[in-house]
Amino acid sequence: MNTSPRTRAVAGCIVLAMTLGSALAACGGDGNPLSAAPYDAADQISFNTPDDEDKKADPDKPLEITAEDSDGRITDVTAQDAAGRHVAGELSADGTRWHSTSPLAADARYTVRVSTEDEDGAPGRRIVTFDTGKPLTKKRLDVTFGPRTGTYGVGQPITAELSKPVKDRAQRAIVERALRVESVPRAGGVWHWVSDTELHYRPKDYWPAKATIRVRSELDGVRISDRLRGGRAKPLKITTGDSVIAVTDASSHRMTVYRNGKEIKSIPVTTGKPGFDTRNGVKVVLGKEYYVRMRGTSIGIAEGSAESYDLPVYYATRVTWSGEYVHAAPWSVGSQGYANVSHGCTGMSTGNAEWFFDNVREGDLVQVVNSEGNTMETFGNGFGDWNLSWQKWRKGSAIVGGTPETPNPELTARLRPAAV
């Protein structure tokens, strides 16, 4: 093995910064191989990428790096493309081989940094760049993020709609790992597969107030299956406002509204009567409508029956797609604070409904307790995402589902190869 690069490196000096601001020069001639600057390890390792710069690597094949010198070993590998996407990989226990475990992107340029050491423990380094070719398949998986750009309450989930179904768990993991969510202040969360074409993302607890949340996809060009590659996705940025949570106690017939943890208003209300009990659980405000015409036929009540109704309703704040609102109900003011007489909505005086309408936004939270009704559906009728425990929410992830919770499992897997 040619040791001349290491010999020249050992002759150099390393400047160590001291805590008091002074500097001390320490020469590498003390016999400690780690004090030497890394030597060129080009002759020690090989790649399975083309040697010819005019040829491009096959993105459908894993990247493989092998230690050619029997007395040397690979100690670390980092690989990322020009967009900053890291490639996960595994290093063999003896350090002789590293291979990628996440797919390469097509039509991308990669930079790979390989660290080695020789039989004496002296460090080596090699940096290689290569390009991948264009994908053969024309099918693309496009992603549409939601909600639209704007300011929301702290309960607003992030959604990802896929243009094609993804059923295989390994393929889902590829997709999920490429969908990045970052918030300031930080609030670590997890994607949950609602269906083959829809994912929701939420933190363990509600988003912080006054947060900035950015969502992007790193899926473009990435191989998902033999016939499908990732497509483009428009990034998303939303912010959160104050934390606004309204808690409705159906047994005491009152709604208490909190802003940033402080009670700001207590409102007498009426909720669903027996047979039309209001759903329990946490609901997310979906929208606000100044005027809604409400008909009993929309919830299955026969026209002309004893329970039939057809009413103009004002200051209606929607919490389910099936028609549950918080709204003005001047016809039931005498029962508000005393009895439940509605067909499932939360009714209050016109003045209180106007105040509520003016003080909540999409993404704010409405929680109903002590009702005889069922619990709010988790998916399909609005956002009941928060009614799942964190443990059950994590089970819906193709990456962390079924694994113990760690501070940030995705980041650990993405930044450093795992040893086997």
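Analyst: A residue is called buried under 20% relative accessible area, exposed over 50%, and partly exposed in between (1.4 Å probe, protein chains only). By this scale Tyr-290 is partly exposed, because its relative accessible area is 49%. The model is predicted: local features need pLDDT of at least 70 and side-chain atom pairs count only at pLDDT 80 or more, whereas totals for chains, interfaces and linings use all residues. Residues are numbered from 1 along each chain as its sequence is written, and side-chain values use heavy atoms, with hydrogens and water left out.

Tyr-290 lies in strand β26, which covers residues 287–295; strands (E, at least two residues) and helices (H or I, at least four) are DSSP runs numbered from the N terminus. Together with Tyr-291 and Tyr-314, Tyr-290 forms a nonpolar surface patch, and the accessible area of the three is about 330 Å². Such areas come from the Shrake-Rupley method with a 1.4 Å probe, and for residues only the protein chains shown count as cover. Patch members have over 30% relative accessible area and no salt bridge; nonpolar side chains (Val, Leu, Ile, Met, Phe, Trp, Tyr) are joined within 5 Å and like charges within 9 Å. A salt bridge is a side-chain nitrogen of Lys or Arg within 4 Å of a carboxyl oxygen of Asp or Glu.

Asp-52 belongs to the loop between β4 (45–47) and β5 (64–67). Asp-52 is partly exposed because its relative accessibility is 37%.

The backbone comes next. Most residues other than glycine have a negative phi, and most peptide bonds are trans. Tyr-315, in strand β27 (residues 310–318), has a positive phi of about 50°. Tyr-315 counts as buried, because its relative accessibility is 14%. Asn-370 also has a positive phi, of about 60°, and is placed in the loop between β30 (365–369) and α4 (390–395). Asn-370 is partly exposed because its relative accessible area is 48%.

Two cis peptide bonds involve proline. One joins Gly-146 to Pro-147, with omega of about 5°; Pro-147 is in the loop between β12 (143–146) and β13 (150–152). Another joins Val-184 to Pro-185, with omega of about -5°, and Pro-185 sits in the loop between β15 (179–184) and β16 (189–195).
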